[in-house]
Amino acid sequence: MPTPMQHELESLTISDGVSYYYFDSGDVPGKTYTTLVFVPGLGFNGGVFRKLFPLAAAHRLRIVSLYRRDYSPTTSFLDADLAGLVSRTVEGQESFLRTQAVDIATFLVNFARKQHIPLAEGTSGGIALVGWSLGSLHAHAVVAHLDALPPSVLSDLEQYLHTVVCHDISGVFIGIPKPPGFNVELWSETDVEKRFKLFHEWVAGHFPHKNVTSGSINDLELYQSPDKTHSMNELSPQEFAAFTSTKTFGTSDTLIVSIQVDVFKATTRRAIFDTTLAEKFMPNLRVRYMCGGASPGVIVWALHEFRKCLADPKPIYGPDAEKARDVKFKFQTEGNHFIFWDEPEVAVEQYIATINL
């Protein structure tokens, strides 16, 4: 059974009517440290990263885990906030992602100012923004919409944010189609609680890949092995509920994952393949992608496909697409989608190695 949470939820108001709640492992006295800000994924709140907190100071890290919008007690979405998603228009959905990007970037700056964290010096000090799973879409959106930030926020963000890490980002969020013939029967379940249970049991499984670094789909397990229980399986329903929100999974998060593929492609194009934006807005910002050695094979495969796009992005991202940022990949050989829960010590080492690529 997990030990009780040793940290209290804190809050930070970023604009009229919008406050983010978060856990914070705390200052690292007497040392220059790097702040890792985690954005959690589909159905999970910031508490899911709790096992990393006791390990932070020894690695000269400060770990902050956000509760995204609609994850109580962070401010819920109003109907007006979701109007762009519900509209099913490209403009409306892009506007939603842009707003989330500005909010998260503003949180980073306000947190840095309030806590007087060290400035970035290379990959030391400052902030590394780590998006996990669906949270990677939000992290990607921050890079894509730097031009939407108020000048005062942008100028401060440049002093702190040095790296954005996308951990186990789904291929659809970067515009990569599913492998031919791949299909997991999750989303046809109409009962939200059953659908979330099916999703969790699948994504939190341990996939026995032959080789995650080869780039061959034949070396990847797409459907998981039943030989090992899924992550967080040891929790009681009440304990599991403390880290999740079935309601948000079935409402606003479902709207987000239903965004049109063309919008995901446009976000990726702006983040990675737009030379004009990259040259003008934080040209030294580093973007890193990592996946686990036992994460779902479809995620590993998509990352290999995306890496191929760096050489020739035009077929997917348009005729003007050109690699514009410092992008690198880390295909880990250990850990599944929930490595920070199952093997937190290994997870910390993996994040450090990925940030320092």
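## Strand residue V18

V18 lies in strand β2, which spans residues 18–24; helices (H or I, at least four residues) and strands (E, at least two) are DSSP runs, numbered from the N terminus. The structure is a predicted model, in which local features need pLDDT of at least 70, side-chain atom pairs count only at pLDDT 80 or more, and totals for chains, interfaces and linings use all residues. Residues are numbered from 1 along each chain as its sequence is written, and side-chain values use heavy atoms, with hydrogens and water left out.

With a relative accessible area of 10%, V18 is buried; the term buried denotes under 20% relative accessible area, exposed over 50%, and partly exposed the range in between (1.4 Å probe, protein chains only). Apart from neighbours within four places in sequence, V18 is in contact with L12, T13, R69, T75 and D103, where contact means heavy atoms within 4.5 Å. The C-alpha atoms of V18 and S76 are separated by 8.4 Å, although these residues are 58 residues apart along the chain.

## Confidence of the model

The chain has a mean pLDDT of 94, and 98% of its residues reach 70 or more; pLDDT is the predictor's confidence in each residue, on a scale from 0 to 100. Residues 1–5 have a pLDDT below 50, and this stretch has eleven contacts in the model beyond near neighbours in sequence.

## Packing of α2 and α4

Helix α2 (residues 90–115) packs against helix α4 (residues 151–160) at an angle of about 65°, and their axes are 9 Å apart. Axes are lines fitted to C-alpha atoms, for helices over the stretch in contact, and angles run from 0 to 180 degrees between N-to-C directions. The helices α2 and α4 are therefore roughly perpendicular to each other; angles under 35 degrees count as roughly parallel, over 145 as roughly antiparallel, 65 to 115 as roughly perpendicular and the rest as oblique.

From α2, the contact is made by A105, T106, L108, V109, A112 and R113, and from α4 by S152, V153, D156, L157 and Y160. These residues comprise seven nonpolar, two polar and two charged. In this grouping Ala, Val, Leu, Ile, Met, Phe, Trp, Tyr, Cys and Pro are nonpolar, Asp, Glu, Lys and Arg are charged, and the others, Gly among them, are polar. Within α4, the residues V153, L154, D156, L157 and Y160 are buried, and their cover includes α2, β5 (127–132) and β6 (161–167).

## H209 and its surroundings

H209 occupies the loop between α5 (192–203) and α6 (237–241). H209 is buried, at a relative accessible area of 14%. Its contacts, leaving aside neighbours within four places in sequence, are D219, L220, E221, G293, A294, S295, P296, G297 and V300. One of these, P296, is 87 residues from H209 along the chain, and the C-alpha atoms of the pair are separated by 9.1 Å.

## Backbone features in loops

The peptide bond from S72 to P73 is cis, with omega near 15°. P73 belongs to the loop between β4 (61–66) and α1 (79–87).

D168, in the loop between β6 and α5, has a positive phi of about 55° although it is not a glycine. D168 counts as buried, at 1% relative accessibility. M282, also not a glycine, has a positive phi near 50°; M282 is found in the loop between α10 (275–280) and β7 (286–291) and is buried, with a relative accessible area of 4%.
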